[in-house]
Amino acid sequence: MASPFDSQHADVAHPWSAWQPAAGGKGSKAAAVSLADFDPAAKPFSRGNKAQDKAAVEALALELDELQNRLYADRRYKLLVVLQGTDTAGKDGTIRSVFGRMSALGVHVVGWKAPTEVERAHDFLWRIHQQVPGAGEVTVFNRSHYEDVLVPVVNGTLTRAQQRERFGHINAFERLLSDTGTVVVKFMLHISADEQRDRLQERLDDPTKHWKFDLGDIAVRQQWAAYQSAYETLLAATHTRWAPWTIVPANSKTHRNLMIATVLREVLRNLDLRYPPGDPALEHFTVE
């Protein structure tokens with residue numbers, strides 16, 4: 001399958017192209033990536049103010065609902081959306097705002113946790129493959145198989161050689177999905193360290209959000225630089241034509257939703273989705 005972003009105007013740069021890793025040399029992988037080059041506070045898709053942006057998100061969510069109906073009826077494609085980001089980056093909020101209008105019949109959200117004992121007894125992609133979308137479905141990964149090239153690297157339980165091997169497995173796996181009709185779109189929700197601190201403190205200050213807080217988040221926060229470096233490595237290694245990454249400036253929750261919804265609308269529009277033809281015998285049928 002071609003790139004999820006391909007359209008009849010393939011020679012025209014998309015407005016989010018500046019937020020994707022740069023193409024590498026002869027291969028399909030990206031060149032080196034520095035997250036410092038991507039401002040997490042930027043709002044390149046803003047319509048002017050927060051109220052306008054919120055209205056645009058709601059309108060896009062309704063349009064995505066209609067496009068998802070067509071995807072479900074068309075049955076030629078599947079859509080896998082990967083949401084990656086540090087703690088508090090906004091994966092849950094994105095799911096509520098961008099996908100909340102879609103029918104539960106055709107949308108499935110998977111929140112990935114640490115692998116179980118049974119899952120660890122298999123290869124690291126075994127559990128992932130079982131949750132990819134079927135024909136006509138949208139599946140959203142809240143975290144994903146990319147945790148397996150982040151956490152163990154930062155914690156020192158995976159060598160660089162093993163990491164490179166896993167990158168190759170991931171690229172081949174996503175190529176398999178693409179070749180068999182799955183449109184793979186990956187978003188890295190990019191927030192600043194200061195924004196994360198504020199969001200973690202907000203959870204502590206609000207009793208209704210204490211359930212979201214985990215002391216483990218503080219330990220991970222202390223590894224901020226190591227995780228940023230690990231993200232830069234994986235973005236460069238796994239940004240491919242068939243499964244591209246888009247880095248989403250996410251300090252603004254509203255703009256984050258607006259950008260992701262805009263990208264997904266374009267991706268689904270490019271599929272030229274259509275409803276299947278009806279039964280000719282029903283053309284003049286009247287219900288008595």
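Buried here means under 20% relative accessible area. With that in hand, here are the close-ups of this predicted model.

**Close-up 1. Helix H1 and its buried residues.** Helix H1 covers residues 50–74. At 1.5 Å a residue, its 25 residues should span 36 Å, and the end C-alpha atoms lie 35 Å apart, which agrees. Look along H1 for its buried residues: Asp53, Ala56, Val57, Leu60, Ala61, Leu64, Asp65, Leu67, Gln68, Leu71 and Asp74. An α-helix has 3.6 residues a turn, so residues three or four places apart point the same way. The partners that the buried residues of H1 pack against are strand S1 (78–85), helix H2 (91–99), strand S2 (107–111), S3 and H10.

**Close-up 2. H1 beside H10.** Two packed helices are described by the angle between their axes and the distance between the axes. For H1 and H10, the axes come within 9 Å and cross at roughly 30°. Angles under 35 degrees count as roughly parallel, so H1 is roughly parallel to H10. Their crossing is left-handed. On the H1 side you will find Lys50, Asp53, Lys54, Ala56, Val57, Leu60, Glu63, Leu64 and Leu67, which meet Thr254, Asn257, Leu258, Ala261, Thr262, Leu264, Arg265, Leu268 and Arg269 of H10. Sorted by class, the contact of H1 with H10 has 9 nonpolar, 3 polar and 6 charged residues.

**Close-up 3. His255 in H10.** His255 is a residue of helix H10. Is His255 buried or exposed? With a relative accessible area of 0%, His255 is buried. Setting aside neighbours within four places in sequence, His255 is in contact with Ala42, Lys43, Pro44, Phe45, Ser46 and Pro249.

**Close-up 4. The buried residues of H2.** In H2, the buried residues are Lys91, Gly93, Thr94, Ile95, Val98 and Phe99. Which elements do the buried residues of H2 pack against? They pack against H1, S1, S2, S3, strand S4 (182–190) and H10.

**Close-up 5. H6 crossing H9.** Helix H6 (residues 160–179) and helix H9 (residues 224–238) have axes that come within 10 Å and cross at roughly 45°. That angle makes H6 oblique to H9. The crossing in which H6 passes H9 is right-handed. From H6, the contact is made by Arg160, Gln163, Phe167, Ile170, Asn171 and Glu174, and from H9 by Thr233, Leu234, Ala237 and Thr238. By class, the contact of H6 with H9 has 4 nonpolar, 4 polar and 2 charged residues.

**Close-up 6. Two residues with positive phi.** Arg143 is a residue other than glycine, yet its phi is positive, near 70°. Arg143 sits in the loop between strand S3 (138–142) and helix H5 (151–154), and is buried at a relative accessible area of 19%. Asp272, also not a glycine, has a positive phi of about 50°. Asp272 belongs to the segment after helix H10 (253–270) and counts as exposed at 53% relative accessibility.

**Close-up 7. Ala2 and Ala243.** Ala2 lies in the segment before helix H1 and is partly exposed, with a relative accessible area of 41%. How far apart in space are Ala2 and Ala243? The C-alpha to C-alpha distance is 9.5 Å, although Ala2 and Ala243 are 241 residues apart in sequence.

Technical notes: Residues numbered from 1 in each chain as written. Predicted model: local features only at pLDDT ≥ 70, side-chain atom pairs only at ≥ 80, totals over all residues. Heavy atoms only, no water. Axes fitted to C-alpha atoms, helices over the stretch in contact; angles between N-to-C directions. Helix = DSSP H or I, 4+ residues; strand = E, 2+ residues; numbered from the N terminus. Parallel < 35°, antiparallel > 145°, perpendicular 65-115°, else oblique. Left-handed = near helix turned anticlockwise from the far one by under 90°. Contact = heavy atoms within 4.5 Å. Nonpolar A, V, L, I, M, F, W, Y, C, P; charged D, E, K, R; others polar. Buried < 20%, exposed > 50% of the residue type's maximum accessible area, 1.4 Å probe, protein only. Expected span 1.5 Å × (residues − 1).
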